[in-house]
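The exercises below are to be worked with the sequence and the model at hand. Each task is followed by a stepwise solution.

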Amino acid sequence: MKPQLSIFFILFSIFSIGQTKVKDTITRRANIGFILNGNTVTYKPETPPLIPISGAPKPSYSYLWELGDGHYSKEAEPKHVYKNKGTYTTRLAVTNNYDNGKPPATRPKKVAVNDITDTNYKDIASLADQNGFAIIKNCDPIPEQEMVVVVGYQNMENYVASGKLYLFYNEKQFKSNNFELVDFRTYANEREVKENTVASVNDIDDSNNYVASAENILKIKKYRNTTTEEDLDASLLDANKTYHNVSVLEFDDANPGETHNVFYTFKTTPEMIKDTSATVTMRGIFVPNRSYKNHKIKNLEMEIVTSHDPNKMGSNGSFMNYRLVRFKRVNFKTRFQNNGEGPARMIRLETDVPDMFDKKTFQIEDMYPKCPICPKGEEPTVSCLDTIIKQKQIFFTFKNIYLPGSEQKNVHEKDSTKGFVKYSMKFAEDFHKVKTRSRTAIIFDKNEPIITNYATTRFLPGISIGVKAGYNLYPDLDKSTSYFVGATISPFKSYRFYWQAEWINALNKYDNDITITDVVNTNPNGVRQLVRTTTTAENKNVNWEVPILLRYNINNYIGIGAGIQANINVSEEQNQNIKIETFEGDKENFLISTTTTSNTVKNSFADFKTGLLFDLTAGFARIGPSLGARYVINFEQGFNYFQFYGIWKF
């Protein structure tokens, strides 16, 4: 090979390599390391380097350890004392916060405990502060990633009890399932049971507490922390209306005060909702004693995320039915985390408020750190939350608090560095069907603000059915009459642009032009005679009009539109009359004879026309009654016409 040719191939190879994008197939992994000392095990994770996000706070890992005996820990390096000898399978879920990569994958690790050298064993912590029932997660859901949900329950009765545990997931308000249950692990001999969960009943609760997020706006109780209920059948029916799937476990012989944890591994689906301001939920129902109807209910709220950012704003108003939300409350929640090396004493949240919400209906639903509302007109000396409502914003200020930093010495529990404000509002008196966006600036003490994502609210299209009736005017047809009735379908009360389809049944009648022909014939006697033939025809038809148009509401009262239309003669009938008059001579001086014949021609689906239309309505443009005028240009001469009608949209 010539030297020049060799150099060419080398350069070509280098260029090709430089232009080819190599797919990264390397999986980030975290390993479980541990030191075993008798029955005391100190765990330490081995994690890959974090990948910082430009402009974001310093990245960090958070952990959820499943220690193999029903205990768990969120510490980075937990120390655990096992009660009995045996081999325990430890699992670790690692979450990468402010990190530009996927969460590291881990593999379970078996730990063999052969000696009991430390008797300082502690039972699973009591859940008395949560009414004996708790649900936690290791992270918020990201599409196609795994997450762990821990359900803890405690027998708070003063006797040994056998009960049941439900975990409902995959809300019916979403088109596709958000979660797939991969695995669950029990440590107190809980067993899975199957129940017929198909139910359809009327709304269980007729109170004014709603979650305005489902297409059918299910009336869902707002479960604050953990609530105790008595009508188990009603709670199960309500949950079955709200969720597609449920996991049901039974347990036996739980001692008084005994606490157990069940660990669920979920994988989020590729079809999961991608709206990063949306809130999804799971619901747990804990029946302490299967012989009774008393039970406890808790909802787990989760915001959809694209990365694990503890500073986030979300709303449950992602998919609302516009017909039913006027008197409903929409919840907003802003989460934050102190990532500093010291505690925060003041946290300020400057939150946008879209114009369509009525700030007079504002109320705080929950918060952390827990503290009272600051007294007005006084300088507070204790911890409190101050709220200032401005024209387009609400300022939340936590004053005189202590929120530790995640980088602070001796802070082992990352959850203690997090907080949130949850509030709700109703819609204003006159609000339109438009999408809103709002976000929050989070300020820790005197640091630079951290800007959250946008929380959006949007409405489902909904369906509006309309009825219309009117008259078609054909200027180019003789003695034309045309009356019609019809129906329309369109999105409910659209703000500006929307599509509308119609079906119209018209009864038409018109006359053809009168045709007169004169012929002079000579009879056998040689006498010339004038023969006049007069032809008239009357047409009747049943015509279907099928318009599809794009409409635009200029305001609440005037709308315009344009589109295309198909006209189909479903049935037509033509009655033809032929009159023959014979005169004496070649003039019409004297009528000798008259004969008349008639015939009828009927056809079905014999004529198909298409055209353009332009439309104007005045009245109640978005919903209700209005009057309209339309001009239709058919692609066939002689059939352009005006349409005048009344319409009522529901």
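Helices (H or I, at least four residues) and strands (E, at least two) are DSSP runs, numbered from the N terminus. This is a predicted model, in which local features need pLDDT of at least 70 and side-chain atom pairs count only at pLDDT 80 or more, while totals for chains, interfaces and linings use all residues. Residues are numbered from 1 along each chain as its sequence is written, and side-chain values use heavy atoms, with hydrogens and water left out.

**Exercise 1.** Locate F635 and state whether it is buried or exposed.

Solution. Step 1: F635 sits in the loop between β37 (624-634) and β38 (641-649). Step 2: buried means under 20% relative accessible area, exposed over 50%, and partly exposed in between (1.4 Å probe, protein chains only). Step 3: F635 counts as exposed because its relative accessibility is 58%.

**Exercise 2.** Describe the nonpolar surface patch that includes F635.

Solution. Step 1: patches are made of residues with over 30% relative accessible area and no salt bridge; nonpolar side chains (Val, Leu, Ile, Met, Phe, Trp, Tyr) are joined within 5 Å, like charges within 9 Å. A salt bridge is a side-chain nitrogen of Lys or Arg within 4 Å of a carboxyl oxygen of Asp or Glu. Step 2: F497, W499, I548, L550, I564, L612, F614 and F635 make a patch of about 860 Å² (Shrake-Rupley method, 1.4 Å probe). Step 3: two or more residues each come from β31 (497-511), β33 (528-553) and β36 (608-619).

**Exercise 3.** Give the strand order of the open sheet of six strands and name its edges.

Solution. Step 1: the order is β12-β14-β10-β16-β17-β13, with antiparallel pairing. Step 2: β12 (191-193) and β13 (227-229) are the edge strands, each pairing on one side only.

Terms used. Two strands pair if DSSP finds at least two bridges between them.
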